[in-house]
Every structure is written in C-alpha cells, then in structure tokens.
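Trainee: I have a new model open and would like to go through it with you. Could we take it step by step?
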Amino acid sequence: RERGLDAVLGVVCGYAALLAPLVVLIGQLALFHVMLVRRGLTTYEYILAEQRRELDDLTAAKAEGPGRVICGPCAPRREADDGEVELSERGAAAAPRLAAGPVVRADDTI
C-alpha cells in the first residue's frame, strides 16, 4: 500500500513541477494584457510604440556622435562614415525586417 501512495505522490510532485512555471508564464501574459487594456492599446499598437521608441533612442544616440556602435534589442547597428545607420551582417540575419527599412539620418525629422 505504501508503494502505491509513493507512486501517486511522485506523479503529483512531477505534475506540480511542470505546472508551476506554466502558471507563472500565463500569469505574466495576463498581467501584460491587463496593462494593455488599462492603457487602451492593442498588442499591435504596443509593438509599434516600442519600435517608435527604439527608433527615437537610435536617433538620439546618433545625434551624440559618429562612429559609435548602437545596440538595440532587435539588431546591432553601426554608423557608416557617410552618416547612415547600417545593420551589421549579424543584425541583418537576426532581423531581416530592419534591413529592408529606411535608413535613419541624424538630420531626418521623425
């Protein structure tokens, strides 16, 4: 009888060990969507706002001085000698959607 109880206890503990991280991840996703609802945003609008913020950060960093490597969450970029921001080969492979986008110059208005 003890073996059967140990087996059931082992299965329950294994199930709990798998379930706990899933509950945490689903809770994080739920809290993220509560935040979006409170701000009145859709997920797509949130993503666009984050990309816009990243572009603003890139433009501000570019205005600080030439020749710096600018790293963002999407892809590393390097400023060329002619003032254009280019994706490195690694960045182009990691984020092809940025490679096809417009080139940002320090004097461009957004």
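Trainee: What should I know before I start reading values?
Mentor: This is a predicted model, in which local features need pLDDT of at least 70 and side-chain atom pairs count only at pLDDT 80 or more, while totals for chains, interfaces and linings use all residues. Residues are numbered from 1 along each chain as its sequence is written, and side-chain values use heavy atoms, with hydrogens and water left out.

Trainee: How many helices and strands are there?
Mentor: The protein chain has 4 helices and 3 strands. Helices (H or I, at least four residues) and strands (E, at least two) are DSSP runs, numbered from the N terminus.

Trainee: And which pattern do they follow along the sequence?
Mentor: The pattern is α-α-β-β-β-α-α.

Trainee: What share of the residues is buried?
Mentor: Of the 110 residues in the protein chain, 17% are buried. Buried means under 20% relative accessible area, exposed means over 50%, and partly exposed lies in between (1.4 Å probe, protein chains only).

Trainee: What about the surface as a whole?
Mentor: The accessible surface of the protein chain is about 8,600 Å², and carbon and sulfur atoms account for 63% of this area. Such areas come from the Shrake-Rupley method with a 1.4 Å probe; for residues, only the protein chains shown count as cover.

Trainee: Let us turn to the helices. How many residues does α1 have?
Mentor: Helix α1 covers residues 2-39, which is 38 residues, and reaches 55 Å from its first C-alpha to its last. That is close to the 56 Å expected at 1.5 Å a residue; the expected span is 1.5 Å times one less than the number of residues.

Trainee: What comes just after α1?
Mentor: Gly-40 is found there, with a positive phi of about 70°.

Trainee: And α2, how far does that one reach?
Mentor: Helix α2 (residues 43-64) has 22 residues and reaches 32 Å between its first and last C-alpha, close to the expected 32 Å.

Trainee: Which residues of α2 are buried?
Mentor: They are Glu-54, Leu-58, Thr-59, Ala-61 and Lys-62. Seen down the axis of α2, the buried residues fall within an arc of 165°, so they line one face of the helix. The arc is taken from the directions from the helix axis to the C-beta atoms. On the other side of α2, Ala-63 and Glu-64 are exposed.

Trainee: Changing topic: how many aromatic pairs are there?
Mentor: The structure holds 1 aromatic pair. The rings of Phe-32 and Tyr-46 have centres 5.1 Å apart and planes at 80°, so the pair is edge-to-face. Rings of Phe, Tyr and Trp (its six-membered ring) pair if their centres lie within 6.5 Å; planes under 30 degrees apart count as stacked, over 60 as edge-to-face and the rest as tilted.

Trainee: Which parts does this pair tie together?
Mentor: Phe-32 lies in helix α1 and Tyr-46 in helix α2, so the pair ties together parts that are 14 residues apart in sequence. Phe-32 is partly exposed at 26% relative accessible area, and Tyr-46 is partly exposed at 22%.

Trainee: Is Leu-36 buried or exposed?
Mentor: Leu-36, in helix α1, is buried, with a relative accessible area of 3%. Leaving aside residues up to four places away in sequence, Leu-36 touches Leu-41, Thr-42, Thr-43 and Tyr-46; contact means heavy atoms within 4.5 Å. From Leu-36 to Tyr-46 the C-alpha distance is 7.7 Å, and the two are 10 residues apart in sequence.

Trainee: Lastly, how many salt bridges are there?
Mentor: There are 2 salt bridges, a salt bridge being a side-chain nitrogen of Lys or Arg within 4 Å of a carboxyl oxygen of Asp or Glu. Arg-53 pairs with Glu-50, with the closest N and O atoms 2.9 Å apart, and Asp-57 meets Arg-53 at 3.0 Å, N to O.

Trainee: What links Glu-50, Arg-53 and Asp-57?
Mentor: A network of salt bridges links these residues. Arg-53 and Glu-50 are 3 residues apart in helix α2, about one helical turn. Asp-57 and Arg-53 are 4 residues apart in helix α2, also separated by about one helical turn.
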